[in-house]
Amino acid sequence: MTRMGSFRTIGRTAAHVLAGLALLASPGAGMAETKAVPTTPVWQENPYPSTYKPYPGEPTAIVGATVFDGTGGEIAGGTVLLKGGKVVAVGDARLAVPDGYRRIDGTGKFVTPGVIDIHSHLGVYASPGVQAHSDGNEATSPTTPQVWAEHSVWPQDPGFSRALTNGGVTSMQILPGSANLIGGRSVVLKNVYARTVQAMKFPGAPYGMKMACGENPKRVYGGRNTMPSTRMGNFAVDRQAWIKAAEYRKKRAEGKLTERDLAMDTMADVLDGKILVQNHCYRADEMAQVIDMAKEFGYKVTAFHHAVEAYKIADLLRENGICAAIWADWWGFKMEAFDGIPENAALLADAGACVIIHSDDANGIQRLNQEAAKARAAGRRIGIDVSDGQVIRWITLNPAKALGIDKQTGSLAPGKMGDLVLWNGNPLSVYSRPEKVWVDGALLFDLGDPKRRPVSDFELGLPGEGDVK
Amino acid sequence: MKRASLLLAALLLAGTALPAHAADAADTPATSPSGDFAVTGATIAIGDGSAPISGGAVLVRGGKIVAAGSDVAIPAGIPVIDGTGKWVTPGLVTAMTDLGLVDVGAVDESNDSYGGTARFSAGLDVSLAIDNDAPPVAVSRAGGITRAGVAPVAANAIFAGQGAVIDLAQNGPGTVQPRAFQLVELGERGADLAGGSRVAAQALLRNALREARELSQHKPGKDSKNAAAAEPAQPGDALLTRVDAAALIPVVAGKQPLFVHVERAADIRSLLALGREFPALRLVIVGAGEGWRVANEIAAAKVPVLASALADLPGTFETLAATQSNVGRMTAAGVKVALGSFYDNDQPRYAPQFAGNLVGLSRVPGATGLSWGQALAAITSIPADILGQGAVFGSLKPGLAADLVLWDGDPLELSSAPVTIFIDGRPQSLVNHQSRLRQRYRHPGEEGLPKAYE
C-alpha cells in the first residue's frame, strides 16, 4: 500500500494528543524516511483526520415539493432553502424565498434528506470485485480491532457514483467484513469522490467498531481448526478480548501503560463510549446474548446489523435502545437468515424500536428507498401503517443517529448540512429516481446534466465511460 | 461475508423466494374443481407487451384461459371472482432459477445446484432432483412466480448440465419439462472451469459439439458382434464421458436450446460466430451485461437474451460497460430480452421490482427503459417463450394455462403484492415459512404459553 507512505505525514499535523497520555509510540512503520519531520513520540487520537471540504454551491430554493424532513414529518407544497452549504429553512408555501436564491420548481416532486447507508463495503470490496480489491476482511485472526477500514478504502470505487446517482446516498458507513468476531474500525464517508480517503471522511463522525455473531466467524476459523468453531467459542473469544480491553483501559486511564496496543486502543475507546459498536447479528437469541455481554463489560451496542430476527425481540431492542439495521426482505440464503420475514421493519416500528434499512451491497445501496417502501408495504398488509415520512426516517435520521452524525445531517433542519435529494416522484414508488442530489449544498448530481455525473478514475477510457448507469 | 457466494452466484441465479404477503388460505376463492371461473372488474394485463386494460375480465375453463380483456362474455353459472380494485397478470415466469434444488443456499447438504466433484457435466439432469416442497418454492409462489426454469450451476466443467421447466403448484408434479435446455459457461467462469482461459473454453466447447455429433452419427457396424457393442462407444481420445456426449446430441441437432453465459461484447460476438459455425444450435444468451454494445448483431442473429435488469457496476472485467439501460437498449434494437436474476440475493420474487425500475428508467434522460407492457412481458411471456413454452403458459392469451395472479395494486409497484394465485386454474396456497412466522410474531410478547404453542 504505497498510498500510506504518501499521506502519512498529512495526518500528523492535525492530530491531537490524548489527554494526559503522551506515550512512546513504537518506532518503525516507515517513519525512518521522514527525516525532516521531528518524530515526536506522541499518541495521536486522530492520526488520519478528515480533510473533507464542501464544494461550492449557490443559494438554492426548492419550491412546491412534497418534503419529507427525515424526522418523520411531511410538508405538502413545501419550500427548502439552502445556502452556504447548510439548510437555512424548511417550511410550507408561506416560507418566502429571499432574493439571490436559484429557484427550483418542485411541483410534483419530492425532497428528502440525503440517504444514509449504515452498512456498506464500498471501497473495501470495490468493483471490479477481483482478488486484488478484496480488502474488507482481515481474516487472519478472529479479533482484529486494530485494523481500520479507512486504510482499505479505494476512493475510486465506481460503486460510489451509482450510490449517489441512483440511490441519493450522501453519507455511508464503510465497515470491515464479518469474517472476524471483531473486524476493526469502520469509517463514515461523505459520498463525494476525492483523491484521498481522508478527503471523503465525514468531519467529526465517531468511529464504529464492527463485531460479528454467528455463522461467519465460526465457519472461517473453525474451518482452520482454530477457535472459534462454535457459537460458544465465539462468545468465549469475545469475552476474553473484553477482559483484556478492560484491563488495558484501566491502565491507560491510570497512565500506567508501558506499551501501546492498537487493538486495545480501539476496544478501550469502545468502553469509554467514544467508538460505537456496530454488530452483525442475525438471530434473536444471539442478539440477546450479546446484549448481556455488553452489560457484562460495560459497553453499548449501537445497532445490530442484518438483524433478520429482530422482530422476535422487538421489545428487548426497544428497552435497550438498540437499533436494528436490516434488509427489507432478504431471506433464506443461509441458515441464520431462514427466519427473515418482510414484516421485520414494520413489526419493530410497531413495537417502538428503532428501524434502519441498510444495504450491505453495492446494488442494494442504489435502492434503499425502494427497500424501505417494500418493508412498509409488508407491514400495511398486517395492519401496521407507517407513514411515508416515518419510512423515510428509516434511511435518513435513524442511520444518522446510529452513526453519531445526527447533529450534522440526517434531517432537514436549519443549520444542518445541505445534504438532500430532489426526487422526480415519491421516493417510495418504484418509478421514481433522484433528479438532483446536493451534498453540503453543492449540486453533485443532476439527472438532466451529464456534467453533474461523477465518473471514477477506473472507468476512464473504458467501455461505458460517462454512460447513464 | 457474502463476497464468495456473490462471485459464485454471479454465474447464475439463485432463485429463491418470495415474501408471503398475501393472506393465507382464507383468501382462496371458491372455484369449481374443473378450473372454471371468471375474474371480473379488474385491471387486466395480458403479458404480451400490451398496455393494461381497466375494467376487464378473464374467463377460465378447464384450467385454460378462454378469454381476457375488455369484452369477455361470462357464461351463466360460472363462479365469478370480483376483481374490483385488483390487477390480474399471468403468473410470473423466471427463466433461470435454482428453485427446487436448494433449501438454504449456504447449507451445502440442502443445496443440489452444483457438485464440484461430480463426474458428469452436460449429462446432469436437474429434473431428477427437483423438490417442489423446498421452502424457496413456496416463498416464490407467494410472490407470484408460477413457472420457472431450473438450471444447475457449472461446477467442474464448462457444461452445467440440463435444466428443466417446472410449475410451482403446491403438491404439484413440479416438472413440466425435463431436459429443457443445456447450460454452458463461456465467459470468465467458463475460462476458469476450462483450465484458465477463454481460449480453452472455446476449444472444449467445439470439441464437445464434435464428439456429440460423431456419437450421433455412429451406426452399429459390422464389428458389432453383440448387443453391448451396438452401444456407441467414445473413441479413446474423447474428452467427454459417453453420458455427457449423448446429452449434447439434442443440442447439436438443434432440438434442445443451448443457454450460454457470456457477458462482454467480445464474448457475445464470439458466440454469435459459433452460431454461424454450427447453424443448427438454438442459442440463448444468459447474462449479456454488455449486450447493448452489440445489440444489433444479437438482433440480426435472432438470439434471445436472459439479462439482469439492474446490473450497472463494472463488477468484473467482462461487465465494464454495464448499465441499467442494457435491457431497454437491446429490446429497442429488436432483441427478445427476458429478465433473469444473476446474484444470490436477487430472488425470483424481486422480478416485479426489477421490471418496475426499468419503467422508471424510461423517464431518465439518456437512459432507455421499457414501457409498462414490455416490462411485464419481460417477466412473463418472454421468459416463457425463451424456455420454449410460449404456447403453453406466460400470458393471458386464449388456450394457455390459466396461471393467474391477482394483485392488490399495480403489480410492478413496491406497495403491491399477490392476493390470489392460480396455476392451471387451481387456486394456490400462499402459506409458507415466512407467513407462519409473521403470524406467530405479530405481537412479540409471550403470554400463557411459549411461542412454540402458537
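## Contacts of A324(A)

In this predicted model, A324(A) touches F304(A), A307(A), A310(A), L317(A), L348(A), A353(A), C354(A), V355(A) and I356(A), leaving out residues up to four places away in sequence. Two residues are in contact if their C-beta atoms, placed from the backbone, lie within 7 Å.

A324(A) is also one of the residues with the most contacts inside the largest nonpolar core, along with V58(B), I285(B) and A355(B). That core has 274 residues. A nonpolar core is a set of buried Ala, Val, Leu, Ile, Met, Phe, Trp, Tyr and Cys residues joined through C-beta atoms within 7 Å. Buried means that 20 or more other C-beta atoms lie within 10 Å of the residue's own; 12 or fewer makes a residue exposed, and anything in between partly exposed. Helix α4 (residues 198-217) of chain B gives the most to this core, with 7 residues. In soluble globular proteins, nonpolar side chains tend to be buried together.

## Numbering and confidence

Residues are numbered from 1 along each chain as its sequence is written, and chains are lettered from A and ligands numbered from 1 in the order in which they are written. Because the model is predicted, local features need pLDDT of at least 70 and side-chain atom pairs count only at pLDDT 80 or more, while totals for chains, interfaces and linings use all residues.

The model scores ipTM 0.91 and pTM 0.91. The pLDDT, the predictor's confidence in each residue from 0 to 100, averages 90 in chain B, where 88% of the residues score at least 70. Over residues 1-27 of chain B the pLDDT is below 50, and this stretch has 102 contacts in the model beyond near neighbours in sequence. Where pLDDT is low, the predicted coordinates should not be read in detail.

Helices (H or I, at least four residues) and strands (E, at least two) are DSSP runs, numbered from the N terminus. Two strands pair if DSSP finds at least two bridges between them. Strand β1 (residues 60-68) and strand β2 (residues 74-83) of chain A run antiparallel and are joined by 7 bridges; T60(A) has L82(A) as its bridge partner. These two strands form a hairpin with 5 residues between them, and G70(A) in the turn has a positive phi of about 95 degrees.

β2(A) also pairs with strand β3 (residues 86-91) of chain A, in the antiparallel sense over 5 bridges. K83(A) has K86(A) in β3(A) as its bridge partner. This hairpin has 2 residues between the strands, and G84(A) takes a positive phi near 60 degrees.

## V63(A) in strand β1

V63(A) lies in strand β1 of chain A. It counts as partly exposed because it has 18 C-beta neighbours inside 10 Å. Apart from neighbours within four places in sequence, V63(A) is in contact with T79(A), V97(A), R103(A), I104(A), D105(A) and G106(A).

## An open sheet

Chain A also has an open sheet of 6 strands with mixed pairing, in the order β8-β10-β11-β12-β13-β14. Its edge strands, β8 (182-185) and β14 (355-357), each pair on one side only. β8(A) and β10 (residues 208-212) pair in the antiparallel sense over 3 bridges, with R185(A) opposite M209(A).

## Where the chains meet

The contact between the chains takes 53 residues from chain B and 56 residues from chain A. On the side of chain B that touches chain A, α10(B) gives the largest share, 5 residues.
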